[in-house]
Amino acid sequence: AYRSTFDPATSTGDVAYNLSIVPEEALDRTKEAFDAIIRAGCGFFSSYRIIDQDPRVPHGSAGLITLCSISMDGVFQRNGIPVKMAYGGRLEIADGEPQRFVDLIGYRGTTIDPLELFISSGLTSISRYCSSRSGIALANVREVPSSAQHTVKETIQAMKKCGFVFPVAMGNQVFNLPHNPYRLSIVAFSGLNFIGNTVEQGIEIRTEIGAGNIPFAKVIEKN
């Protein structure tokens, strides 16, 4: 997060990304799965990038770059806002309205990303949400000081103008999270919803989370 240099005021700088690799013959189906996430508004960012000339992408495969939500942490830190990644969870949504977290796993002390665990265990229904607006999607919860609320809101608005899709909710008490008068919870859809929806389509996909940083301008280029 701290290596991210993205400035939403100018839409310049580097952002953190995830790199996914799929068989070349599955690329069209993968694009359909990714596009469904964008239409449903449950990704962290409103576009993705296809790459083919990268030493990490084997012959016969295609690579896809999605923005990693730790890019948000970098922007907050650069604006003087201390941020803590608190939980990863399964968010229940009914008729387009988020209801509650079905499960939450704290990031403190865990050696595996909780959202990866939910995907590999088949505990999502992202595809159903994309088609019916009801289902189980993946979301992260970050915590920031309540005293920074004004700066946080300004930062979020600037990022939304650049194509970022968050927050789902923000406050001292949201959904079924514990109430904390001193810290704001920021709930955001995870970029791993792209991956989860692809897995639900039966497509073989391998993803490296936090694979590196890339200039923001490269992400928003048309495929």
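Modeller: In this predicted model, helices (H or I, at least four residues) and strands (E, at least two) are DSSP runs, numbered from the N terminus.

Colleague: Where is the place of Gly 43, and is the residue buried or exposed?

Modeller: Gly 43 sits in the loop that connects helix 1 to strand 2 (49-51). Its relative accessible area is 3%. Buried means under 20%, so Gly 43 is classed as buried.

Colleague: How many helices and strands does the chain have?

Modeller: The secondary structure comprises both kinds of element, and the helix count is 7. For the strands, the number is 9.

Colleague: What radius of gyration does the chain have, and what would a compact globule with 223 residues have?

Modeller: The C-alpha atoms fill a box of roughly 50 × 35 × 30 Å along the principal axes. Buried residues account for 50% of the 223 residues. For a compact globule of 223 residues the radius of gyration would be near 17 Å, and the chain agrees with this at 17 Å.

Colleague: Which strands do Glu 143 and Lys 84 lie in, and how many residues apart in sequence are the parts that the pair ties together?

Modeller: The side chains of Glu 143 and Lys 84 form a salt bridge, with an N to O distance of 3.9 Å. Glu 143 belongs to strand 6 (residues 135-145) and Lys 84 to strand 4 (residues 84-94), so the pair ties together parts whose separation in sequence is 59 residues.

Colleague: Which residue is linked with Lys 84 and Glu 143 in a network of salt bridges?

Modeller: Within this group, Glu 143 is buried at 13% relative accessibility, whereas Lys 84 is partly exposed at 41%. The network of salt bridges that holds Lys 84 and Glu 143 also includes Arg 183.

Colleague: What is the N to O distance in the salt bridge of Asp 103 and Arg 90?

Modeller: Asp 103 is partly exposed, with a relative accessible area of 30%, while Arg 90 is buried at 12%. The side chains of Asp 103 and Arg 90 meet in a salt bridge with an N to O distance of 2.5 Å.

Colleague: Is Asp 54 counted as buried or exposed?

Modeller: Asp 54 forms a salt bridge with Arg 56 (3.0 Å, N to O). Arg 56, at 32% relative accessibility, counts as partly exposed. Asp 54 has 17% relative accessibility, which is under the 20% limit, and therefore counts as buried.

Colleague: Which residue does a cis peptide bond join to Phe 166?

Modeller: The bond in question has an omega of about 0°.

Colleague: What is the positive phi of Arg 133?

Modeller: Arg 133 is in the loop between helix 4 (126-132) and strand 6, and at 34% relative accessibility counts as partly exposed. Although Arg 133 is not a glycine, its phi is positive, at about 70°.

Notes. Residues numbered from 1 in each chain as written. Predicted model: local features only at pLDDT ≥ 70, side-chain atom pairs only at ≥ 80, totals over all residues. Heavy atoms only, no water. Rg over C-alpha atoms; globule rule 2.2 N^0.38 Å. Buried < 20%, exposed > 50% of the residue type's maximum accessible area, 1.4 Å probe, protein only. Salt bridge = Lys/Arg side-chain N within 4 Å of Asp/Glu carboxyl O.
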